[in-house]
Amino acid sequence: MIVVTGATGTVGGHVARLLSAHHPIRVLGRSRGRLREAAPGADAVGADFADRRSLERALDGARALFVVTTDPSRPDHDENLLAAARTAGMEHVVKLSALAVTDEGATDLITAWQRENEERVRACGLAWTILRPRSFMSNTLSWAESIRASGAVLTPQPHSRNASVDPRDVAEAAVVALTAPGHGQRHYALTGPEPISPAEQCEHLAEVLARPVRCCEIPLERAYLSWARRYPAPIAQALLDSARRQGEGAKQHVDPAVEKLLGRPARSYRDWAKDHAERFG
């Protein structure tokens with residue numbers, strides 16, 4: 001039995017669907033109804049990351065665990081999951097982290113939280129694998145409304161590049177780590193096949209959608225004000241710091257890990273855009 005957390009999210013949902021074709025899986029979260037929708041056929045178990053006892057019951061009898069947590073203000077979520085995994089006698093934990101942890105210049109709240117989570121995983125006493133993706137290509141779905149409305153994307157630093165990765169590749173890498181031998185005590189940097197800028201992504205979208213998509217620059221300060229309206233101040237500041245690092249070229253490195261793990265090249269942004277064109281209208 002393999003347990004998947006984050007099954008209602010971008011990567012966890014892909015992981016659950018891929019695993020369920022060949023392995024018994026259990027998906028874990030607060031809403032069993034949403035879990036059943038995200039992973040039909042999986043054993044959906046209600047549990048609260050803040051309640052260690054509920055996690056121990058949910059993990060009982062399982063062999064491996066895929067860990068996705070999303071709240072930087074709750075380090076106890078990772079602590080509780082790892083403690084429950086030890087109690088359940090699990091063999092292997094695969095943790096979704098972020099490649100920013102390797103950047104010494106990244107000191108924001110989100111990156112610091114992920115670094116601490118990695119330390120917890122390495123100290124947990126179980127076999128572990130840590131996946132460190134760059135930003136997801138699917139983040140550009142946030143552009144869909146403005147593309148439908150005006151054929152334009154508003155973004156800071158439109159010519160800065162990021163080796164963004166298809167979340168499907170991240171999920172496939174997770175499945176390999178969870179099911180194949182030889183991945184214990186390993187870190188994997190997961191990137192796309194090339195660094196790409198928002199302006200270049202808009203060009204690919206225009207080609208795929210067969211209509212113009214303009215990429216319009218906005219000041220970082222304006223972007224920050226938008227983030228501050230949507231998120232708590234520390235998260236907005238983290239997004240601002242991340243954008244600045246991208247502008248400085250800190251996110252351009254391409255790593256071969258996806259191709260080595262999957263036996264094929266990483267998907268390109270154009271591949272991703274073709275497969276999700278309908279989401280842009």
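The model is a predicted one. Helix H9 and helix H10 pack with their axes 9 Å apart, and helix H1 and H7 pack with their axes 8 Å apart. Buried residues line one face of H3 and one face of H9.

**Packing of H9 and H10**

- Helix H9 spans residues 220-230 and helix H10 spans residues 233-247; the two pack at an angle of about 150°.
- Because angles over 145 degrees count as roughly antiparallel, H9 is roughly antiparallel to H10.
- The crossing in which H9 passes H10 is right-handed.
- On the H9 side, the contact is made by Leu-220, Tyr-224, Trp-227 and Ala-228. On the H10 side, Ala-236, Gln-237, Leu-239, Leu-240, Ala-243 and Arg-244 take part.
- Sorted by class, the residues in the contact of H9 with H10 are 8 nonpolar, 1 polar and 1 charged.

**The two faces of H9**

- The buried residues in H9 are Leu-220, Ala-223 and Trp-227.
- Viewed down the axis of H9, these buried residues fall within an arc of 60°, so they line one face of the helix.
- The buried residues of H9 pack against H10.
- Exposed residues Glu-221 and Arg-229 are carried on the face of H9 that is turned away from the buried side.

**Packing of H1 and H7**

- Helix H1 (residues 10-20) and H7 pack at an angle of about 50°; the two helices are therefore oblique to each other.
- H1 and H7 cross in a right-handed sense.
- From H1, the residues that meet H7 are Thr-10, Val-11, His-14, Val-15, Leu-18 and Leu-19. Their counterparts in H7 are Pro-167, Arg-168, Val-170, Ala-171, Glu-172, Ala-174, Val-175, Leu-178 and Thr-179.
- The contact of H1 with H7 comprises 10 nonpolar, 3 polar and 2 charged residues by class.

**Helix H3 and its surroundings**

- Within helix H3 (residues 52-59), Ser-54, Leu-55, Ala-58 and Leu-59 are the buried residues.
- Seen down the axis of H3, the buried residues lie within an arc of 125°, so they line one face of the helix.
- The elements covering the buried residues of H3 include strand S1 (2-5), strand S2 (25-29), strand S3 (43-46) and strand S4 (64-67), as well as helix H4 (76-87).
- Arg-53 and Arg-57 are exposed residues on the face of H3 turned away from its buried side.

- Phe-136 is found in the loop between strand S6 (127-133) and helix H6 (144-150), and Phe-136 is buried, with a relative accessible area of 19%.
- Not counting residues up to four places away in sequence, Phe-136 touches Thr-10, Val-11, Ser-164, Val-165, Pro-167 and Val-170.
- Thr-10, Val-11, Pro-167 and Val-170, which Phe-136 touches, also take part in the contact between H1 and H7.
- The C-alpha atoms of Phe-136 and Thr-10 are separated by 9.0 Å, although the two residues are 126 residues apart along the chain.
- Leaving aside neighbours within four places in sequence, Ser-164 is in contact with Arg-134, Ser-135, Phe-136, Met-137, Thr-191, Gly-192, Ile-196 and Gln-201.

**Loop residues with positive phi**

- Gln-157 has a phi near 50°, a positive value in a residue other than glycine.
- Gln-157 is located in the loop between S7 and H7 and is partly exposed, with a relative accessible area of 21%.
- Gln-185 likewise has a positive phi, near 60°, in a residue other than glycine.
- Gln-185 is placed in the loop between H7 and strand S8 (186-190); Gln-185 is partly exposed, at a relative accessible area of 41%.

- Glu-248 is situated in the loop between H10 and helix H11 (257-262).
- Glu-248 and Arg-161 are 87 residues apart along the chain, and their C-alpha atoms are separated by 9.3 Å.

Note on methods
Residues numbered from 1 in each chain as written. Predicted model: local features only at pLDDT ≥ 70, side-chain atom pairs only at ≥ 80, totals over all residues. Heavy atoms only, no water. Axes fitted to C-alpha atoms, helices over the stretch in contact; angles between N-to-C directions. Helix = DSSP H or I, 4+ residues; strand = E, 2+ residues; numbered from the N terminus. Parallel < 35°, antiparallel > 145°, perpendicular 65-115°, else oblique. Left-handed = near helix turned anticlockwise from the far one by under 90°. Contact = heavy atoms within 4.5 Å. Nonpolar A, V, L, I, M, F, W, Y, C, P; charged D, E, K, R; others polar. Buried < 20%, exposed > 50% of the residue type's maximum accessible area, 1.4 Å probe, protein only. Arc of directions from axis to C-beta.
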